[in-house]
Amino acid sequence: MTHVFCDLRIEKLLPKQIPLPPLNGLRAFEAAGRRLNFRAAAEELGVTQGAVAQQVRGLEDNLGLKLFERLPKGLAFTSAGRAYHAEIAAAFGLLHRATETLRPAPKRVTISVTPTFASKWLIPRLPDFADRHPEIDLRILATEGVSSFEADGIDLAIRQARPPFGASLDARLLFRHEVIAVCAPGLVAGRDLPLSSDGLTKLPPLHDTHDLWPRFRREVMGLDDLARQRGVRFSQTTLTLDAALAGQGVALASRFLVKQDLAARRLVQPIAGRLVGDKDFHMLARSKAHRRPVVDDVMDWLAQVSDDVISP
């Protein structure tokens, strides 16, 4: 019997595979393409903006073509980049769906607040949120700047604003803007409270970027002088409150921010009266038709825990 031996290697029967680019570069490209912004993609991926830009540049070098046009305010696809992103996004979608069948992803909500609101009001209440909604992964973006629902990937924002709002936004009032003066009890020890306007002028004022002292002196204290007051100036209200807690002077702050400190006698109100601001604190989100149900859970919680401090 004659035996015929085939010397062909099995690999020769298969189509030649093109090496894939690095996975990190593909992930950075997919996120940057959805946001059209390196900074927003970096926030999502938990890396620096420079790292995302470098990974995308490395992917472009690997492919030998340009995927994005770099613009002053973001990114724009090249024709090749747009077509490639559609395929890469679909591939990552398949990976995510396959993984979710084995391990459901946590419900995630990103909320944008000012640093003062975060440190003085939101953070002390987060244990209550965790108890009520252990299934929600809450992410907090603390910034003084105006956040974008698209570019920054946020679901919810709390900002001082004045109606009317756009039809695309759902706005709910959280707190009236009522400003009062506060200081540490030790700063006015031995004095009868409330102080007179003249008595308050003898205490060092603590200033922030809102610069409300001239208006407070005029409308609450009844003083007509417009002279610039001396005193330490801080970039954020939260720092003036920290200084006030340390007994360094008198700060001006929204009543709801200092309610717990007043109740615990860590701060006192040295003079009666309040300054009513023209912009109240609102919760802002996309319209109900364009937001996920989990965002409503966070909004409902915020409304519930703020009920006791909204002024009538």
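1. In helix α1, R27, A28, A31, A32, R34 and R35 meet F38, A40, A41, E44 and L45 of helix α2 (contact means heavy atoms within 4.5 Å). The residues of this contact comprise 7 nonpolar, no polar and 4 charged. Do keep in mind that this is a predicted model, where local features need pLDDT of at least 70 and side-chain atom pairs count only at pLDDT 80 or more. Residues are numbered from 1 along each chain, and side-chain values use heavy atoms, leaving out hydrogens and water.

2. Helix α1 covers residues 23–35 and helix α2 residues 38–45; they pack at about 125°, their axes 8 Å apart (helices are DSSP runs of H or I with at least four residues, strands runs of E with at least two; angles run from 0 to 180 degrees between N-to-C directions).

3. You will find 23 salt bridges in the structure (a side-chain nitrogen of Lys or Arg within 4 Å of a carboxyl oxygen of Asp or Glu). One of them pairs R70 with E60, with the closest N and O atoms 2.9 Å apart. This pair links strand β1 (residues 68–71), which holds R70, to helix α3 (residues 49–63), which holds E60. E60 counts as buried at 9% relative accessibility, and R70 as partly exposed at 35% (buried is under 20%, exposed over 50%, partly exposed in between, with a 1.4 Å probe and protein chains only).

4. R266 and D261 also form a salt bridge, at 2.6 Å from N to O. Here D261 is buried, at 12%, while R266 is partly exposed, at 43%.

Definitions and conventions: Nonpolar A, V, L, I, M, F, W, Y, C, P; charged D, E, K, R; others polar.
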